[in-house]
Structure formats: C-alpha cells, structure tokens
Amino acid sequence: MIELNDIKRTRDFEIFGELAKNDHEQVVFCNDNETGLKAIIGIHNTVLGPALGGTRMWNYISDSEALNDALRLARGMTYKAAISGLNLGGGKAVIIGDADKLKNEAFLRRFGRFVESLNGKYVTAQDVNMSENDMEYISMETKHVTGLSESIGGAGDPSPMTAYGVYVGMKACAKKAFGNDSLEGKSISVQGAGHVGMHLLDYLAKENVKLYVSDFIESRAKAAASRFGAQAVGLEEIYDLDADIYSPCAMGATINDSTIERLHCQIIAGAANNQLDDEELHGHMLAKKGIIYAPDFLINAGGLINVGIDYLGGWSKEKVYRKTERIYQTTLDILNLSEREGIHTQDAAMRVAKRRISEIAKVKKAL
Ligand code: NAD
C-alpha cells in the first residue's frame with residue numbers, strides 16, 4: 001500500500017529531478033491571492049553574474065508547462081550570456097494567466113516586489129506580452145530591471161542590436177562558406193518581417209542582394225517587400241527557394257526533419273530562438289548536408305548585450321556596437337572549431353559557452 005508520505009516524496013523528487021537534469025540553481029514560486037499574481041522565476045546559473053532574462057506572461061495550460069518554459073528559457077540565457085562574454089548568468093520569469101485580464105498596476109508592482117526580494121540575483125527585462133509601461137510599473141518596486149524605454153533613460157528596444165548581431169554573424173558565415181564576407185550577389189530569404197526582421201532587411205538591402213521575405217501576416221511581407229525591393233513569398237514556399245542563405249527571424253523549431261530535406265541554402269543565420277527542433281539530431285543533419293549553421297544563441301545576442309550593458313553600467317551606443325560586432329569573430333572561431341573537431345556548430349558553441357563558465361567558476365572560488 002502506498003503511504004501519503006511516499007506520494008509526496010515522489011512528487012518532490014519530480015521537481016528536483018527537473019532541476020537536476022540541466023543543473024538549475026533555484027526556482028522561485030511567487031503567489032499573491034489579492035492581485036491574482038502567479039509567477040515562476042527560474043534561475044539557471046549565476047557563476048558569471050546575476051541571472052538576467054525577460055519576464056513573459058502567458059496563459060499556460062498547466063503549472064508544469066509554465067515551470068518547463070521558465071527552466072528552458074533560463075538555461076538558454078545562461079549560454080547566450082556566456083558566449084557573448086557578458087558577466088551575467090541566466091534566468092527567466094514567467095507570469096501565468098491572461099495578460100489582457102490580469103495585468104494592472106498593483107499586479108505588476110507586486111511582481112516587482114518579488115524580483116526585488118531576490119536582491120539582484122535575478123534581473124528582469126521585457127519579453128512576450130509585457131509592454132514598456134508594464135516594465136515601468138515593475139521598476140517602481142525593484143531596481144533589478146533593465147531594457148526600460150529610452151524615454152525614461154533605459155536602453156530601449158533591443159531588436160535593432162539583435163539584427164546587427166545577426167547581420168555580422170551572417171557575414172562571418174559567408175566568409176567561411178564563400179571566402180569573402182561580402183553578401184553582394186547572394187540570395188537571402190528572411191522569414192518574419194517583425195522587429196528584428198525589418199532591421200535585418202535594412203542592412204541586407206544595402207548590400208545589393210536578392211531578398212525574399214515571408215510573414216504570417218501577409219501585409220507585413222508585402223510592406224517589407226516593397227520597402228526593401230524584396231520578393232514576398234509564401235509561408236511554406238520559403239523552405240523550397242533556391243536561396244544561398246536562409247534567415248529564420250520568426251519562431252523556433254523551423255529547422256527539423258522535413259525542412260532540412262527541402263532547404264537548398266549554404267548558410268542558416270537568423271534571430272529566432274531555438275531554431276533547431278532537436279539540437280543534436282538537426283545539428284548533425286545540417287553538418288552532414290554541408291549547410292553552415294550559425295548557432296542562434298550566439299548571433300542573436302545583440303539585444304542581450306544591449307540590456308546587459310545597460311544593467312551592468314557604462315552603457316553607450318558605441319560600446320554596445322563594439323561588443324555586438326565581436327559576434328563576427330566569435331562566429332568564425334566557432335565555425336573553425338566545429339571543422340577542426342568534427343562536431344556540429346551548435347555543439348561547438350555550447351562547448352565554448354560551458355568552458356567559459358567552468359573557467360570563471362575557478363576564478364570565483366573563495367580565497
Ligand atoms: P516579432 O514578433 O516582432 O516578429 C516576428 C514576425 O514573425 C511577426 O511579424 C510574425 O507575424 C511573423 N511570423 C510568425 N509566424 C511566422 C511564420 N510561420 N512564417 C513567417 N513569419 C511568421 O518578433 P521579433 O522581436 O522580430 O523576434 C523575432 C524572433 O527573434 C523571435 O523568435 C524572437 O524570440 C527572436 N529574438 C528576438 C530578439 C529581439 O531583440 N527582439 C532577441 C533575440 C531573439
């Protein structure tokens with residue numbers, strides 16, 4: 001017969017099992033009955049510095065779905081900061097519920113209090129379903145918030161810098177693939193004409209390239225096409241084009257069993273997070289097919305660099321540009337490492353990020 005204690009122990013073990021799987025440091029569950037706030041703050045790793053990562057609000061179907069999202073996203077932030085040379089760790093917060101119904105000043109400020117209670121171990125920023133105004137409310141209760149709007153002295157919209165990082169990362173791939181980092185004469189397909197996609201198209205259009213663009217919202221694809229002299233293509237058509245470079249700037253997991261078969265490109269370099277449906281499997285498949293893949297968390301880090309420097313202090317546009325520009329050399333280094341070691345590029349990038357964390361852990365040992 002199962003005793004109540006056994007059942008409880010099994011459940012406890014499941015949560016810690018999840019944390020142990022990817023070595024998460026801490027999870028904070030935030031509950032406030034009066035405002036209706038339910039949030040989870042996932043802290044993956046703080047070896048390099050405070051865990052920075054945005055807050056997203058989503059109507060998750062279950063608490064475990066919310067927890068998984070917080071854990072997965074927090075882990076991603078750790079490696080993005082590490083490979084970018086930032087002294088920041090990885091964290092992410094998720095607020096559970098309908099953003100249209102629940103968000104108000106008290107609700108958001110209450111969340112800010114929870115962030116403040118961590119004394120800077122977690123630093124928040126804007127993410128899905130959180131507006132600049134929402135972040136301003138949060139900042140009334142905590143100083144551990146970054147990426148506030150420029151109108152109140154913050155670093156503002158991260159997407160121009162994200163696009164710049166993707167652009168230089170793409171050029172590094174071109175250098176490896178074609179022996180020259182000029183994109184002139186190449187054909188490039190950009191999936192998603194949103195914040196990042198539009199800024200990226202702007203850079204690319206100046207290089208005399210043939211551009212294709214797709215967007216879930218057709219009018220956006222058409223508007224982007226006419227503004228940048230691109231050709232608007234269908235949502236599925238983009239995978240079958242005869243383009244040299246494919247740039248996913250919409251959503252994750254677009255590189256999977258079925259799309260890899262269809263892609264004819266030599267380079268994949270885009271802004272979307274978690275582009276590989278299965279990091280190991282699809283990383284290998286791309287390498288086998290001879291497609292150079294720019295690891296997403298490496299080349300889309302410009303936005304993080306922007307808000308990270310804003311939080312750490314000494315922000316200036318020049319400083320952010322300079323650090324984002326380093327994505328070019330890091331990408332080349334990763335591509336060369338992958339070639340030397342016979343490993344796929346995602347694996348090479350993860351190794352470099354993990355090595356930095358373990359090296360700095362040695363530095364931070366108590367004296
Ligand atoms: P966004 O929401 O402004 O733009 C995304 C665009 O993709 C929208 O126009 C949307 O209609 C379109 N889209 C959705 N599904 C599509 C589909 N199936 N095919 C084609 N288009 C589709 O987002 P964003 O800020 O431009 O970010 C783009 C991607 O880059 C996201 O995956 C985001 O997580 C990632 N990213 C963004 C930043 C940043 O600074 N904004 C930083 C790092 C990573």
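**Figure 1. An aromatic cluster in the predicted model.** In this predicted model, one aromatic cluster is formed by Tyr164, Tyr167, Tyr203 and Tyr321. The count of aromatic pairs in the structure comes to 4. For Tyr167 and Tyr203, the ring centres lie 4.8 Å apart and the planes meet at 10°; planes under 30 degrees apart count as stacked, so this pair is stacked. Tyr167 belongs to helix α6 (residues 159-178) and Tyr203 to helix α7 (residues 195-205), so the pair ties together parts that are 36 residues apart in sequence. The relative accessibility of Tyr167 is 11%, and this residue therefore counts as buried, the cut-off being under 20%.

**Figure 2. The ring pair of Tyr239 and Tyr246.** The centres of the Tyr239 and Tyr246 rings are 6.0 Å apart, and the ring planes stand at 65°, so the pair is edge-to-face. The cut-off for this class is an angle over 60 degrees. Tyr239 and Tyr246 are both buried.

**Figure 3. Packing of helix α6 against helix α7.** The axes of α6 and α7 are 8 Å apart and form an angle of about 50°, which means that α6 is oblique to α7. The crossing of α6 past α7 is right-handed. On the α6 side, the contact is made by Ser159, Pro160, Thr162, Ala163, Tyr164, Val166, Tyr167 and Met170. The α7 side contributes His195, Val196, His199, Leu200, Tyr203 and Leu204. Sorted by class, this contact between α6 and α7 comprises 10 nonpolar and 4 polar residues, with no charged residues. Tyr164, Tyr167 and Tyr203, which are among the contact residues, are also members of the aromatic cluster.

**Figure 4. Packing of helix α4 against helix α5.** Helix α4 spans residues 105-117 and helix α5 spans residues 132-139. Their axes lie 7 Å apart at an angle of about 55°, and α4 is therefore oblique to α5. The two helices, α4 and α5, cross in a right-handed sense. From α4, the residues that make the contact are Glu105, Leu108, Arg109, Phe111 and Gly112. From α5, they are Asp134, Tyr137 and Ile138. By class, the contact of α4 with α5 consists of 4 nonpolar residues, 1 polar residue and 3 charged residues.

Methods: Residues are numbered from 1 along each chain as its sequence is written. This is a predicted model: local features need pLDDT of at least 70, side-chain atom pairs count only at pLDDT 80 or more; totals for chains, interfaces and linings use all residues. Side-chain values use heavy atoms; hydrogens and water are left out. Axes are lines fitted to C-alpha atoms, for helices over the stretch in contact, and angles run from 0 to 180 degrees between N-to-C directions. Helices (H or I, at least four residues) and strands (E, at least two) are DSSP runs, numbered from the N terminus. Angles under 35 degrees count as roughly parallel, over 145 as roughly antiparallel, 65 to 115 as roughly perpendicular and the rest as oblique. A crossing is left-handed if the near helix is turned anticlockwise from the far one by less than a right angle, and right-handed if clockwise. Contact means heavy atoms within 4.5 Å. Ala, Val, Leu, Ile, Met, Phe, Trp, Tyr, Cys and Pro count as nonpolar, Asp, Glu, Lys and Arg as charged, and the others, Gly among them, as polar. Rings of Phe, Tyr and Trp (its six-membered ring) pair if their centres lie within 6.5 Å; planes under 30 degrees apart count as stacked, over 60 as edge-to-face and the rest as tilted. Buried means under 20% relative accessible area, exposed over 50%, partly exposed in between (1.4 Å probe, protein chains only).
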